[in-house]
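Subject: The structure and its ligand site

Hi,

Here is the structure I promised to pass on. Have a look at it first, and my notes follow below.

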Amino acid sequence: MNPFEVLRFSFEALKDRKLRSTLTILMVIIGTSLIVSLNGLSTGFSSFINSTFSTLAPNTLIVIPGGGVERGTWTAPSISLDSRMVRKLTGIDGVKVVIPFIHRSAVLRSGSASMSVLVAGIDQTKLHYIYPTLSLKEGKLIPPTDFIGMLVGSDVEVPPGETKPFVRLGQVVTLEYTKVEEVEGVPKTVTVKRAFVVKGILNYIGSPSFINVDSMVQISLAAANSFFGCGGKYDGIIVVTKSYELNDKVEKAIKNIYGEDVGIISPKVISQTVQKIVGGWSVFILTVAAVSLIVAAVGIITTLFTSVMERTKEIGVLKALGFKDSQILILFLTEAVLIGVIGASIGLVVGIVFGSFGFSTIMGFTGLNFPITPIYQPENLIVIWLFTVAISACAGLYPAWRASKLEAVVALRKE
Amino acid sequence: MSFSLTTSLGLNSKYAIETVNLTKVYRSDSVEVYALVDVNLKIRYGEFVAIVGPSGSGKSTLLNLLGVLDKPTKGHVLIEGIDTSTMSPSQLAKIRNEKIGFIFQAYNLINRTTVLRNVELPAVVRGVPKKERVKRAMELLRLTGLDGKFNRKPLTLSGGEQQRVAIARALINNPTIILADEPTGNLDSKTGYEIFSLLRRLSEERKTTVIVVTHNLELANLTDRIIYLRDGRIEAERILRR
Ligand SMILES: Nc1ncnc2c1ncn2[C@@H]1O[C@H](COP(=O)(O)OP(=O)(O)O)[C@@H](O)[C@H]1O
Ligand SMILES: [Mg+2]
């Protein structure tokens with residue numbers, strides 16, 4: 001029997017029981033669309049997390065003074081991050097380069113306009129170790145001995161939502177910050193100002209939340225030290241390891257030397273932890289969705305089984321007309337596969353629409369503005385489609401087998 | 001028994017269908033029903049045979065065995081001289097498809113699809129190209145007097161018309177043998193007569209062997225030979241024509 005005729009016969013049989021077939025297909029649609037939309041959302045979320053951390057090289061560790069934030073209550077740092085520590089860290093096995101930095105907030109004035117910015121004092125010749133994708137749009141990096149040069153991020157050059165540049169290459173700008181100073185026992189606020197020249201502008205690198213280079217200005221470490229009055233102490237030290245696999249080993253070595261006096265942040269570890277949580281969450285959600293597909297499979301079994309019972313006499317007639325057992329099996333199996341194919345195909349479309357539209361509705365509800373859009377990878381969609389069709393076929397196997405094994409004479413006697 | 005097997009074997013048998021000690025026993029729980037006991041039959045090509053007998057005498061059982069739809073408990077069915085007892089289920093399906101046409105009392109058409117499609121079905125299974133089988137189906141529907149009703153659904157037709165569709169369906173693969181189990185049981189006498197006349201024409205003009213089970217002795221008298229069945233045995237035979 002040619003495949004087209006098989007399809008036609010099975011399709012007619014499905015059409016003959018319209019309501020029941022439609023409801024069964026609906027179950028498959030629900031299962032498939034759930035899987036598609038949830039898979040799209042978790043892929044989108046994963047990619048969002050990845051892009052957040054991807055601007056930082058994976059083989060970096062950030063050493064900060066111990067105490068403070070990590071322990072919930074503020075305790076004063078018990079150790080200074082200074083050039084001695086830099087030397088010591090450089091000596092640890094597996095460390096490639098050590099980059100101390102100063103990281104403070106300040107107000108940047110350009111003409112009559114101003115904006116608050118994060119100022120990083122850092123040896124800019126080593127920036128590429130930390131941000132592998134960083135590139136200069138104009139000008140040059142600021143050498144370590146330059147006290148007035150400033151490198152600005154792309155969101156500082158042209159703030160988001162504006163068309164006019166806030167600063168231009170070669171322009172003189174002012175950085176200022178206020179600090180509280182005790183003068184003869186009396187607290188007094190003091191404003192510190194200094195002029196800088198914009199000598200370099202960075203291309204947009206896009207790091208949505210973690211260390212936002214695009215909205216930072218960077219000056220030399222020496223300039224930051226003197227401007228912020230740090231007295232040779234750093235806010236943090238970035239340790240670049242020879243390779244990402246060595247992160248753990250180096251982290252342990254640092255802990256061995258300084259114990260709780262320092263805190264160590266590993267962006268890679270944070271990223272992986274978040275990914276793991278997201279991964280676990282999406283496995284859970286997909287399991288729930290897969291269960292709905294199993295429910296659909298049970299629906300297919302019931303539908304086909306009922307159909308076999310109702311069509312017992314027809315099966316007897318088909319056998320009398322010369323249908324082989326295998327052909328009867330194929331006819332009923334094809335009905336299951338048709339339910340699967342129709343359900344999976346519609347479910348794919350519904351899932352994509354629901355994932356995009358439904359999710360944005362939820363976001364509108366809560367007022368959050370995550371840049372998360374569901375991502376539907378064609379290979380995932382194909383796998384989901386095939387999976388649905390395969391499950392449907394499996395569900396059809398038993399009823400189809402029962403149909404093929406009906407005894408012709410007994411089937412014909414049934415009324 | 002071997003005597004008749006050896007003499008009858010071979011493609012050029014005189015008989016379209018032949019049985020040797022055909023026996024069917026139904027066993028349910030502890031009860032044994034001897035539905036058919038040692039039936040020996042020889043039916044020539046083109047012969048029109050009626051099988052009559054009281055209800056429960058084994059007529060349907062015999063027809064199902066002749067149509068290789070069921071397996072005998074003992075004995076053999078030879079179709080065109082070939083013993084079917086050692087054939088596999090799929091070989092038997094092929095025999096049913098190509099050599100035999102079934103007609104039932106309840107028509108047993110597939111009601112969701114058209115008349116034409118019903119008639120085509122055995123040819124679809126056989127793998128006859130669409131163009132050819134549609135042409136044949138239309139010819140047969142004309143022959144059975146259903147011109148112009150190709151695209152009707154079976155349930156919109158009268159009982160007699162539905163049975164004609166079933167006859168056309170039985171003929172689509174040009175079978176050697178037509179087996180009809182009380183084909184007029186659901187029809188009035190006039191329509192029943194027309195159906196029998198049609199079967200008569202098939203055996204005369206197309207040399208199709210027709211074996212028909214009936215309760216109606218008047219109709220049975222239109223055939224070439226009447227076989228009387230009682231309690232699973234051939235009680236008597238009467239030859240009307242040769
Ligand atoms: N599948 C079956 N199981 C048990 N007994 C059966 C079965 N089919 C037929 N019989 C019995 O075999 C006998 C012959 O039945 P059947 O061939 O249908 O008779 P007829 O067609 O002449 O009325 C009956 O006694 C019937 O009850
Ligand atoms: Mg009967």
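Predicted model: local features only at pLDDT ≥ 70, side-chain atom pairs only at ≥ 80, totals over all residues.

A polar contact here means a pair of N or O atoms within 3.5 Å.

The side chain of R413(A) has an N or O atom 2.8 Å from a nitrogen atom of ligand 1. S57(B) takes part through its backbone, with an N or O atom 3.3 Å from an oxygen atom of the ligand. On its own, ligand 1 would expose 560 Å², and the protein buries 72% of that area.

Which chains make up the site? Residues from chains A and B surround ligand 1, so the site is shared between them. R413(A) is part of this shell, and chain B's residues there include Y26(B), V33(B), A35(B) and the run P54(B), S55(B), G56(B), S57(B), G58(B), K59(B), S60(B) and T61(B).

As for secondary structure, β2 (31–44) and α2 (59–66) of chain B each give at least two residues to the shell. The largest share, 3 residues, comes from α2(B). Sorted by class, the shell holds 4 nonpolar, 6 polar and 2 charged residues.

And where does the ligand sit among the pockets? The space that ligand 1 takes up is the largest pocket.

Happy to go through any of this with you.

Best wishes

Terms used. Residues numbered from 1 in each chain as written. Chains lettered and ligands numbered in written order. Heavy atoms only, no water. Near = heavy atom within 4 Å. Polar contact = N/O pair within 3.5 Å; in protein donor to acceptor, adjacent residues only side chain to side chain. Areas by Shrake-Rupley, 256 points an atom, 1.4 Å probe, with all protein chains shown as cover. 1 Å grid on protein atoms, 1.4 Å probe; cavity = no way out; pocket = protein on both sides within 12 Å on 5 of 7 lines; lining within 4 Å. Sits in = over half its atoms within 2 Å of the grid points. Helix = DSSP H or I, 4+ residues; strand = E, 2+ residues; numbered from the N terminus. Nonpolar A, V, L, I, M, F, W, Y, C, P; charged D, E, K, R; others polar.
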